[in-house]
Amino acid sequence: MMDSFLLYQDSSTEGKKSYAFPRDIIKDLNLDILFKSMARQDILMAEKIRRVMMIPLTTPEEVLYRQEVIRDFYRQSGVLEELYACAERQHKALRLYKEEMKSNRAKSVKVTSTLLDSLNYLKQGQEELLHIRKLLAERQEGWQSQGIKGLLKRLEEQPLQKIQEKLWEAEALITGCEAGYTFQFGGGLKLENAVLNYLRPAGDIKTGSLESLYLKFVKKNAVLIGTDIMLKEDLNHLREATLKQLINMFQPYLQKLMQFFGEFTEEISFYMGVVQFMKRMDSLNVTLTMPEPKSCGTTDTEFENLYELSMAVYAQKKPVGNSISLKNNRMTLITGANQGGKSTFLRSYGIAQVLMQCGMPVPAGRFSAPVYRQLFTHFTRSEDEQLSNGRLSEELQRMSSMVDQAVPDSLFLLNESFASTTEKEGSKIAEGILRAFYEKNMTTMMVTHLYQLAKKLYEEQPEGSHFLVAERTENGTRTFKMLQGEPAYTSFGTDLFKVLEEEEHNMK
Amino acid sequence: MQFRSILFADKEPELLTETPVFFHDLQLDYLLERILEPVKGYQTEKYYYTFPREEKLILFRQQVGKDMESEELCTVLRRFCHRLKESRKIYNYSLKSEGEMQAAAYHLQAASLYWEAVLELEKKLGGCSLESEGMLGLAGYVKQHLAELRERGFAAALKRADEFFSGLSFQLSVDTDKLMVEESVEFQKNYFEELAELLGQEPERTDTGIQDIFPEPLEPSYLEQVLVRLLKKSRPEVFREIKEFYKCFPVIYSDTLLRFEEEVQFYLSFQNFKLRTKAKGYSMTTPVISREQGFSGRGVYDIALVWKQEDSSYQVVANEFTMKNRPSFFVVTGPNQGGKTTFARSMGQAVYFTLMGLSVNAECFRTPLFQGISTHFEAEETLQSNSGKLKEEINRLIPMMAQNQNRCSFVILNELFTTATTHDAMIMGRKVMESFLRRECYGIYVTHIQELAEETEEIISLVAQLAPGEESRRTYRMLPMKAQGFGYSEALVKKFRLDYADIVRRLS
């Protein structure tokens with residue numbers, strides 16, 4: 001039927017599963033900065049973008065479907081803006097309509113006014129639909145994506161014009177028309193089984209005096225309404241009942257309109273945010289690339305010049321990028337210098353993965369990775385007032401609820417997990433978890449200071465394991481690059497300590 | 001024997017209209033509200049207040065109740081009642097109509113509805129396999145009643161008038177200054193059907209007529225009067241026929257069927273209640289009434305607690321008990337909040353349902369035929385002083401003990417004399433029990449006073465159990481054991497799974 005389907009080939013986001021812990025992902029990957037930048041100040045848009053982005057696409061086809069639509073809208077951003085204006089208008093109209101209905105109920109207003117509100121909303125929605133169809137049809141040649149072409153086709157298949165005519169006829173019931181009914185007498189001689197046969201606009205009705213004379217004396221079955229107030233009132237009543245039934249008939253259509261615009265608004269908001277964002281990054285000369293999604297269940301991950309987008313947005317320039325090829329990527333451990341960019345790297349990877357899995361371009365020269373069915377982030381949380389004992393249990397509890405939700409082919413991003421206990425205990429806990437994940441086909445990337453853990457796994461070198469180390473030059477300078485290599489037993493935290501000492505010294 | 005009543009066979013009982021005193025204590029008032037929810041509009045309470053008293057009548061009802069377990073039969077009866085109610089409603093309009101013509105038209109409609117309802121009842125009852133004396137009696141009566149109506153020419157006259165009337169159909173056209181009516185000869189388009197098609201709705205599933213144009217049944221609208229006037233001119237014979245029927249058959253209903261409509265609500269409501277209770281996962285069974293087999297139950301649970309339970313995963317605990325074939329008392333002791341009162345209440349509820357001839361809240365229930373139920377629960381906290389409270393308790397006990405009809409009653413005593421000293425309360429309590437035992441009553445006495453639970457031939461001690469080893473957790477189970485026996489040693493045995501049942505299980 002009437003569906004927008006700009007995000008998925010055959011559905012809306014209705015019923016689609018979001019990430020199990022979207023709030024953790026947003027917080028750990030700093031996505032709020034990104035949302036804000038995409039939506040600018042638009043609250044409606046921000047909310048929709050957030051929702052769409054937190055529902056992962058799980059096949060390359062789904063990703064490509066969106067990439068195509070994004071390309072189309074990027075090229076014809078003028079149309080996109082007009083579509084967004086439609087969505088906004090309709091959003092406002094719906095809110096107004098709902099408010100009216102609510103206040104009508106509260107005030108127990110005459111039925112007619114409720115009916116008129118519904119009729120109004122229907123008319124507006126219908127006009128907006130026709131407008132959308134016109135906008136899309138005008139650029140018919142320009143659309144390459146299946147998504148937009150599909151929407152246009154569906155809109156063209158609908159009898160939109162005819163439905164609009166019926167809505168005009170409904171309005172004519174109030175403004176004046178001729179109506180024909182069939183009915184029977186029921187028990188108590190009440191009107192029963194009344195059926196409406198036709199509605200004719202008022203223009204055609206003659207009211208010559210000759211005709212009235214004819215009716216009065218020749219046709220016995222006719223009654224002139226004239227100035228008969230009671231009769232007029234009853235006929236108004238009949239018209240109202242007719243209108244009520246008419247609007248009732250339109251109820252499912254009205255629901256459909258609401259649903260259509262609900263979906264359409266969400267979809268267009270998302271695309272509007274994406275295109276707006278791309279244009280902005282263009283102006284800052286920050287590269288975004290359409291990634292190459294690989295099927296769920298494959299394991300190769302490769303990227304060039306991958307950088308952390310939230311930082312780029314925040315600093316308004318492109319930070320250091322990493323180029324790494326992780327063949328058969330099943331478990332990656334990142335160790336190395338403090339302040340060496342390990343967390344940033346982990347985050348850059350996570351953000352790119354989230355962007356790819358909602359169809360967006362990613363911050364890299366090239367990015368090719370599988371789509372995962374779920375993504376979990378388990379980052380150590382800023383030191384709160386809890387005792388270390390409580391912190392470990394909080395971490396374990398968080399991990400446990402993630403495990404509850406995990407499905408095969410999930411991606412786990414762990415940042416300094418289990419650092420709140422001794423290295424020995426932490427290593428043991430983490431090892432159990434990593435091995436279980438490995439066994440059960442979860443992909444893990446973990447930033448850790450747990451040297452015992454890293455060393456043990458490095459010596460073992462399980463198939464598909466990778467070991468990255470944050471680069472530190474001889475003199476202690478951090479390059480923020482990740483290199484493949486043996487885990488270091490120190491994270492050179494003493495470097496930092498030294499800097500501190502030095503500064504203290506300098507101050508003296 | 002002529003069929004008279006589905007509740008009292010050939011008796012004419014005095015129906016109680018006031019809530020029996022034990023209702024609140026057993027939370028039957030709450031249950032009755034739930035039970036009667038589906039039969040609103042009928043005065044069914046009185047039937048739940050009045051015991052049938054005779055064993056024969058209880059069995060009569062149990063049989064009917066078994067027939068009512070057929071969903072098919074319930075549907076047939078519900079539908080019959082619904083149609084009869086419709087007919088009565090219309091009949092009422094006829095009585096209240098001011099115009100003779102309108103009264104006659106309503107009368108005809110009511111008669112027609114009644115005739116069809118009874119016809120259908122006869123046909124459908126033939127398709128049900130009935131076994132109870134009550135239902136078979138009804139089926140016989142319906143046949144006989146229909147035969148009578150046919151004999152009196154009711155059916156034929158009805159058919160004539162009705163056909164005449166319902167065969168007429170008119171066309172009405174309205175514009176801004178006139179309206180015209182004609183007898184409808186050819187098929188007219190239905191505007192709403194066309195609209196439904198346009199909107200992609202299935203016309204069969206949408207209501208394409210106009211409803212309730214002039215909803216007031218007793219006040220013909222001005223428009224309706226105008227239309228009738230026009231019609232009278234063109235088809236006077238129709239109106240003659242309607243009046244004729246009205247004069248010849250002023251009375252249309254059978255008193256027996258009207259009474260049946262009222263009484264059968266008792267069974268319909270309870271059957272519904274039973275199904276819903278079963279759907280919650282609890283059994284309901286037909287009790288066995290026997291003088292010889294003693295008083296015993298298995299899987300007896302507090303059905304009010306079940307219905308009050310919002311969390312459907314919580315399973316209300318069921319208990320079992322056995323009393324030999326002689327008037328005796330259970331004395332229940334054990335921890336606070338251990339389920340003692342709930343247990344006593346569940347027993348009382350089962351006795352009540354038995355005496356009503358209904359299914360009971362148990363897996364298995366055997367009971368002598370009690371003559372009534374007496375309960376004595378602690379009064380709600382009031383502002384009375386302690387001595388006032390004791391006095392109030394005794395004041396309530398006096399009529400319970402004095403009433404002659406309490407011979408062989410079922411008695412529930414819940415925490416008597418809590419404001420007296422233990423010694424006094426014990427002596428009084430014992431006397432109260434002895435007194436009831438002399439009247440061949442059976443009963444249950446919930447108390448804190450262990451001495452009252454000292455076992456004799458007529459006193460059986462039950463103890464509310466704690467979870468083994470966990471003195472804070474109640475199991476809500478009652479087991480026959482010495483009142484002093486509950487406590488630590490037993491809990492230890494349970495904890496190590498060393499009691500008889502556990503050892504048997506562990507070894508098998």
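Visitor: Which residue has a side chain that meets the side chain of B:E116 in a salt bridge, and what is the N to O distance?

Guide: The partner is B:R83, and the two side chains meet at 3.1 Å, N to O. This pair links distant parts of the chain, with B:E116 in helix α6 (residues 100-127) of chain B and B:R83 in helix α5 (residues 71-96) of chain B, 33 residues apart. A salt bridge here means a side-chain nitrogen of Lys or Arg within 4 Å of a carboxyl oxygen of Asp or Glu. Helices and strands are DSSP runs numbered from the N terminus (H or I, at least four residues, for a helix; E, at least two, for a strand).

Before we go on, a word on the ground rules. This is a predicted model, where local features need pLDDT of at least 70 and side-chain atom pairs count only at pLDDT 80 or more, while totals for chains, interfaces and linings use all residues. Residues are numbered from 1 along each chain as its sequence is written, chains are lettered from A and ligands numbered from 1 in the order in which they are written, and side-chain values use heavy atoms, with hydrogens and water left out.

Back to the pair: B:R83 is buried, with a relative accessible area of 14%, whereas B:E116 is partly exposed at 36%. Buried means under 20% relative accessible area, exposed means over 50%, and partly exposed is in between (1.4 Å probe, protein chains only).

Helix α6 of chain B has another charged pair to look at. B:K243 forms a salt bridge with B:E100, with the closest N and O atoms 4.0 Å apart. Here the link runs from helix α11 (residues 236-248) of chain B, where B:K243 is, to B:E100 in helix α6 of chain B, 143 residues away. Both residues are partly exposed, B:K243 at 30% and B:E100 at 43%.

Zoom out, and the whole structure has 41 salt bridges over all chains. One of them joins the side chains of A:E178 and A:R200, at 3.3 Å from N to O. Strand β1 of chain A holds A:E178 and strand β2 of chain A holds A:R200, so the pair ties together parts that are 22 residues apart in sequence. A:E178 is buried at 15%, while A:R200 is partly exposed at 38%. Chain A also has a salt-bridge network, which links A:E292, A:D300, A:E302, A:E304, A:K327 and A:R366.

What about a bridge between the chains? The rule finds one across the interface of chain A and chain B. B:E224 pairs with A:K190 there, the closest N and O atoms being 3.1 Å apart.

A:F185, A:L189 and A:M249 supply 14% of the area that chain A buries against chain B, more than any other three residues. Buried area is the accessible area (1.4 Å probe) that two parts lose on being put together, summed over both.

There are also 15 residue pairs in polar contact across the interface, both residues at pLDDT 80 or more.

One last stop inside chain A: A:Q374 sits in strand β9 (residues 374-379) of chain A and is buried at 7%. Its side chain reaches the backbone nitrogen of A:A20 at 3.1 Å. That is a polar contact: a pair of N or O atoms within 3.5 Å, where, within protein, one must be able to donate a hydrogen and the other to accept it, and residues adjacent in sequence count only if both atoms are side-chain atoms.
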